[in-house]
Amino acid sequence: MKTRPSLHRKMLALLVAGTLTVGAVQPAHALFGIGDIVFDPSNLTQNILTAARTLEQINNQIRQLQNEAQMLLNQARNLTSLDFSVLNDLRATLSATNRLIQQAQGLAYNVSHMESEFRRLYPASYSASTTGTQMTQDARSRWLNSLEALRTATQVQSQAVQNFAADERTLSDLVNRSQSATGALQAMQATNQLLALQSRQAIQAQQLQITQDRAEALEQARQVAVQQRAREVRRRFQGEGTPYTPSSVDFYRQ
């Protein structure tokens with residue numbers, strides 16, 4: 001009866017010793033925990049590094065999306081149209097000057113009609129059938145042409161002066177809109193309108209120069225016609241016979 005308890009004690013001692021031996025073989029850092037939960041520091045470190053790399057990738061993707069969104073916003077601003085146009089004002093200014101030129105009296109600006117009128121009123125020579133009355137009427141018509149040409153030139157000059165104030169306002173608006181443009185398209189459109197304003201001013205300068213040159217040309221042609229008319233009048237006065245030759249006369253013969 002005493003042998004059984006002794007055998008029990010021996011077996012229990014062997015079991016405890018075997019357990020301690022197995023526990024001593026495994027790494028000490030792998031056996032921290034309570035119950036079935038085991039804490040592995042190396043595995044935790046690896047998980048933390050993996051999470052950090054994943055978070056960095058997510059942040060890079062977010063920054064890439066932000067850059068793409070900003071690029072789309074910039075493209076949208078570059079494609080935004082300028083809600084301001086001076087084209088109608090520039091065309092109206094040119095039309096006003098053109099009306100002054102088209103309403104000009106005297107010789108027309110039409111090439112074919114002007115050519116026939118010029119030959120009639122500014123002849124290189126007079127035919128024998130041209131009467132003195134006709135030459136007088138033509139002389140008055142030439143004078144009126146010169147007068148109307150000067151009138152047209154002064155009207156165009158006055159119109160150009162009136163356009164200065166409008167051009168100043170237009171230039172100021174275009175420069176302000178160009179400087180405050182939200183994108184490349186608005187800046188380009190504002191620049192194009194500035195160029196259009198410059199072109200309109202150049203055309204106006206040409207119109208003014210044309211009217212001034214026309215007035216000078218008609219006045220010079222009138223002076224030439226006056227000289228030709230004077231020669232014709234002198235020729236008709238002298239006649240085709242023997243011209244008068246002066247000689248001395250003695251009224252008091254003795």
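**Briefing: contacts, helices and salt bridges**

Of the contacts in the chain between residues at least 6 apart in sequence, 77% join residues at least 24 apart. The model is a predicted one. Its chain has 254 residues, and buried residues make up 20% of them. Six helices and two strands form the secondary structure.

**Overall layout**

- Read from the N terminus, the elements run α-β-β-α-α-α-α-α.
- The chain exposes about 19,200 Å². Carbon and sulfur atoms supply 58% of that area.

- A search of the whole structure finds six salt bridges.
- One of them joins Arg151 to Glu148, with the closest N and O atoms 3.2 Å apart.
- Both Arg151 and Glu148 sit in helix H5, which covers residues 132-179. They are three residues apart, about one turn of the helix.
- Arg151 is partly exposed, because its relative accessible area is 40%. Glu148 has a relative accessible area of 15%, so it is buried.

- Helix H6 spans residues 184-238 and holds both Arg222 and Glu219. Their side chains meet in a salt bridge, at 2.8 Å from N to O.
- Arg222 and Glu219 are three residues apart, about one turn of the helix.
- Glu219 counts as partly exposed, because its relative accessibility is 23%.
- Glu232 and Arg235 also lie in helix H6. Their side chains form a salt bridge at 2.6 Å, N to O.
- The spacing of Glu232 and Arg235 is three residues, about one turn of the helix.
- Glu232 is buried, because its relative accessible area is 5%. Arg235 has 36% relative accessibility and therefore counts as partly exposed.

**A salt-bridge network**

- Glu117, Arg120 and Asp138 are linked to one another in a network of salt bridges.

**The aromatic pair**

- The structure holds one aromatic pair. Phe118 and Tyr122 form this pair, and it is stacked.
- The ring centres of Phe118 and Tyr122 are 4.6 Å apart, with 25° between the planes. The angle is under 30 degrees, so the pair counts as stacked.
- Phe118 counts as partly exposed, because its relative accessibility is 30%.
- Tyr122 is at 9% relative accessibility, so it counts as buried.

**A buried glutamine**

- Gln207 is found in helix H6.
- With a relative accessible area of 8%, Gln207 falls under the 20% limit and is therefore buried.
- Neighbours within four places in sequence left aside, Gln207 is in contact with Leu94, Thr97, Asn98, Ile101 and Val156.

**A nonpolar surface patch**

- Leu55, Ile58 and Ile62 form a nonpolar patch on the surface. Together they have about 260 Å² of accessible area.
- Ile62 belongs to helix H2, which covers residues 41-78.
- Ile62 is partly exposed, because its relative accessible area is 40%. Patch members need over 30% relative accessible area, so Ile62 passes that cut-off.

Technical notes:
Residues are numbered from 1 along each chain as its sequence is written. This is a predicted model: local features need pLDDT of at least 70, side-chain atom pairs count only at pLDDT 80 or more; totals for chains, interfaces and linings use all residues. Side-chain values use heavy atoms; hydrogens and water are left out. Patches are made of residues with over 30% relative accessible area and no salt bridge: like charges are joined within 9 Å, nonpolar side chains (Val, Leu, Ile, Met, Phe, Trp, Tyr) within 5 Å. Accessible areas come from the Shrake-Rupley method with a 1.4 Å probe; for residues, only the protein chains shown count as cover. A salt bridge is a side-chain nitrogen of Lys or Arg within 4 Å of a carboxyl oxygen of Asp or Glu. Helices (H or I, at least four residues) and strands (E, at least two) are DSSP runs, numbered from the N terminus. Buried means under 20% relative accessible area, exposed over 50%, partly exposed in between (1.4 Å probe, protein chains only). Rings of Phe, Tyr and Trp (its six-membered ring) pair if their centres lie within 6.5 Å; planes under 30 degrees apart count as stacked, over 60 as edge-to-face and the rest as tilted. Contact means heavy atoms within 4.5 Å.
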